[in-house]
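Here's a quick look at how a few parts of this model pack together. Have the structure open as you read.

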Amino acid sequence: MSKATTQRSQSSEPHVADSHGMIRVHGARGNNLKDVSIEIPKRRLTVFTGVSGSGKSSLVFDTIAAESQRLINETYSAFVQGFMPTLARPEVDVLDGLTTAITVDQQRMGSDPRSTVGTATDANAMLRILFSRLGTPHIGSPQAFSFNVASISGAGAVTFERGGKKVKERRDFSITGGMCPRCEGRGAVSDIDLGQLYDDSKSIAEGAFTIPGWKSDSWWTVRIYAESGFLDPNKPIRRFTKKEMQDFLYHEPTKVKVEGVNLTYEGLIPKIQKSFLSKDRESMQPHIRAFVDRAVTFTDCPECGGTRLSEAARSSKIGKVSIADACAMQINDLAAWVRGLKEPSVAPLLTALQHTLDSFVEIGLGYLSLERPSGTLSGGEAQRVKMIRHLGSSLTDVTYVFDEPTIGLHPHDIQRMNDLLLRLRDKGNTVLVVEHKPSTIAIADHVVDLGPGAGTAGGTVCFEGTVDGLRAGDTVTGRHLADRTSLKETVREPSGALEIRGADAHNLRKVDVDIPLGVLTVVTGVAGSGKSSLVHGSIPAGEGVVSVDQSPIKGSRRSNPATYTGLLEPIRKAFAKANGVKPGLFSANSEGACPNCNGAGVIFTDLAMMAGVATTCEECDGRRFASSVLDHHLGGRDISEVLEMSVARAEEFFGDGEARTPAAHRVLTRLSDVGLGYLTLGQPLTTLSGGERQRLKLATHMGDKGGVYVLDEPTAGLHLADVEQLLGLLDRLVDSGKSVIVVEHHQAVMAHADWIIDLGPGAGHDGGRVVFEGTPADLVAARSTLTGEHLADYVGA
């Protein structure tokens with residue numbers, strides 16, 4: 001050993017490489033952040049908290065994680081970057097000390113019917129290989145077991161050069177796929193109720209169609225159907241001959257000439273399928289969605305029994321189990337079956353599959369099955385499914401970023417999630433968590449509290465330090481960290497009951513239960529116990545029932561709270577009436593749009609594989625409207641100034657004086673009731689946090705006419721301080737004569753309930769039963785269920 005080496009080894013000074021122990025953020029200004037500067041310790045668990053809309057996601061996801069992802073993408077060639085999403089550099093002065101960020105967010109998985117839990121986690125891919133190797137009879141390669149691959153065959157002549165001569169040869173090809181030919185891998189077939197499409201006692205000329213938008217004088221109805229020559233437009237539909245009915249309902253697309261114009265005639269059923277059923281239900285207008293719900297029913301495919309697989313794929317088995325049987329098993333049962341397979345020739349495959357299935361069980365999703373459509377997973381379930389591929393990973397010094405990983409978890413399950421977060425940290429990773437639950441905040445090594453308020457009142461760091469320091473600090477989170485809602489001394493008396501008999505959707509075991517009306521009822525239980533199956537399956541949204549589920553709000557940067565809630569409609573009419581012009585002028589997506597930027601407010605410049613540049617439109621100065629539109633005023637304000645108002649300010653503006661508009665004021669009052677008074681009317685929906693979107697949807701549905709409100713986890717994304725406001729809102733709904741049924745895990749909501757229905761005792765096939773129904777006080781006194789034990793601890797009983 002040399003002298004220099006000896007001296008270096010004996011020196012007590014740390015190596016310079018060990019000095020980079022912090023992620024430094026300086027001058028972050030994304031969304032509502034106000035020049036935020038913080039240092040986040042690496043290889044520690046840091047929790048970011050603060051009221052909903054305070055800037056947590058802007059700092060963690062839109063700044064730290066986004067910049068890490070952008071820098072990684074820049075290491076690829078320009079050719080590869082052309083196929084990747086282009087990311088702009090976040091608005092921040094300095095960002096250093098970053099490591100590779102892996103983001104696990106709450107974004108729902110795709111709602112494509114062919115996407116399942118198995119396809120989303122690669123478990124299906126491994127099962128297909130397993131059955132292609134061990135299944136008997138052997139039917140082909142792994143794609144023979146895939147419901148996304150159709151079986152096709154063909155033959156034809158191919159021409160190629162050989163020895164300087166062109167040679168023709170006949171070639172045959174065939175692909176054996178596992179897709180069921182009847183349902184095309186969807187597992188369900190649609191059945192259309194013809195009675196909802198037309199009145200068969202009328203003729204087409206008399207306006208027989210009852211389809212939204214199909215007027216008797218439109219090109220799509222009378223003109224094409226009447227003048228195609230296939231039908232008699234003056235004959236009642238019920239008197240059509242067999243051939244006329246076939247042509248009317250199922251005719252293949254055919255060119256016809258109507259009044260000298262070439263048009264395409266097509267049977268009614270394929271036309272309805274193309275114009276309505278090919279679209280995502282959630283993106284439809286409410287009246288179109290109501291029509292589809294009435295006219296179309298989906299049933300399991302009679303050919304494959306809902307398994308999506310062809311008969312050949314179902315016939316190949318390992319022992320007595322087919323791949324359809326394996327995918328239908330509860331995952332903890334499937335893991336036990338795979339563990340029992342001893343086949344040296346596929347040992348590495350079995351090990352990898354076993355690890356994936358065990359990860360499901362470990363993360364608390366053992367009650368799912370691989371055939372479960374990924375679009376039906378809740379936000380919390382989808383997030384945990386995404387976590388699976390990271391459990392047991394050999395990567396270290398990675399930054400894991402989680403967005404409220406405890407959403408959808410019963411208090412009993414939260415401890416398991418906390419253990420997983422700590423395990424990721426203990427492997428040498430940096431773990432950043434956006435969270436509101438006190439039990440997860442309590443395990444943090446470092447806490448960053450943003451606020452003090454939401455929207456423009458937030459965006460600053462109110463506290464940075466330890467959990468004990470947060471408790472002692474004078475911040476909104478610190479003051480509410482020890483909040484406990486006490487049990488009610490008296491509960492409301494029900495005015496009636498909603499009877500549910502023999503409920504057997506998913507894992508429910510012929511449940512009989514009476515849900516009291518006129519009170520606040522909470523349905524609870526561990527994740528996967530059957531709560532949503534009971535409530536949404538037995539109380540469908542419809543006449544008298546307003547259902548607010550967890551489906552995400554869809555909207556582009558042109559959508560805002562004013563357009564989403566329908567608030568802009570009465571505002572446009574008020575402007576039009578005051579100025580004697582058309583309402584369409586006051587829409588930035590219609591006639592009133594700035595001609596230079598088409599109402600976007602910015603001009604986008606595409607720079608191929610580099611991030612596009614958005615510059616404020618010089619003609620409208622970002623206000624989105626044509627200058628002539630801004631000459632029209634209501635109450636001394638133009639339309640762009642109104643859209644820049646906060647909800648609270650707009651509520652005053654439209655409540656009194658020259659601008660008084662009762663229809664707009666009602667919507668604004670509902671937005672204030674759910675705690676969104678700080679939002680601006682024209683703020684793009686894409687900039688809202690998860691909690692803000694949930695409350696925006698709740699405010700919209702509060703305007704629906706109905707006596708029963710069904711809410712699915714309304715506390716998702718809500719800060720401890722916001723939960724108190726939510727409880728006040730639920731009380732006002734009940735006191736106004738409504739019945740409120742809430743699917744919820746938050747103990748504060750349970751303690752505030754008049755009646756609790758607890759499902760369990762476990763998840764999957766261990767659940768599906770009512771284990772308690774009664775008042776919260778009775779549940780705490782009995783402590784007979786997991787929920788009872790946790791609620792008793794929460795209220796200090």
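This is a predicted model: local features need pLDDT of at least 70, side-chain atom pairs count only at pLDDT 80 or more; totals for chains, interfaces and linings use all residues.

On the α5 side, A123, M126, L127, I129 and L130 make the contact, and they meet L349, L350, A352, L353 and T356 from α13. Sort those contact residues by type and you get nine nonpolar, one polar and no charged.

How do the axes of the two helices cross? Helix α5 covers residues 123-134 and helix α13 covers residues 347-362; their axes come within 10 Å and cross at roughly 150°. Angles over 145 degrees count as roughly antiparallel, so that is how α5 and α13 run relative to each other. As for handedness, the α5 and α13 crossing is left-handed.

## The nonpolar cores

The largest nonpolar core has 68 residues, and the ones touching the most other members are L127, L130, L334, W337, L370 and F402. Two of these names, L127 and L130, also turn up on the α5 side of the helix contact. Then there's W337: setting aside residues up to four places away in sequence, W337 touches F131, I318, V321 and M329.

Another core lies apart from that one, with 66 residues, including F575, V642, L676 and L698.

What is T661 in contact with, leaving aside its neighbours within four places in sequence? The partners of T661 are P570, A574 and F654.

Note on methods: Residues are numbered from 1 along each chain as its sequence is written. Side-chain values use heavy atoms; hydrogens and water are left out. Axes are lines fitted to C-alpha atoms, for helices over the stretch in contact, and angles run from 0 to 180 degrees between N-to-C directions. Helices (H or I, at least four residues) and strands (E, at least two) are DSSP runs, numbered from the N terminus. Angles under 35 degrees count as roughly parallel, over 145 as roughly antiparallel, 65 to 115 as roughly perpendicular and the rest as oblique. A crossing is left-handed if the near helix is turned anticlockwise from the far one by less than a right angle, and right-handed if clockwise. Contact means heavy atoms within 4.5 Å. Ala, Val, Leu, Ile, Met, Phe, Trp, Tyr, Cys and Pro count as nonpolar, Asp, Glu, Lys and Arg as charged, and the others, Gly among them, as polar. A nonpolar core is a set of buried Ala, Val, Leu, Ile, Met, Phe, Trp, Tyr and Cys residues joined through side-chain atoms within 4.5 Å. Buried means under 20% relative accessible area, exposed over 50%, partly exposed in between (1.4 Å probe, protein chains only).
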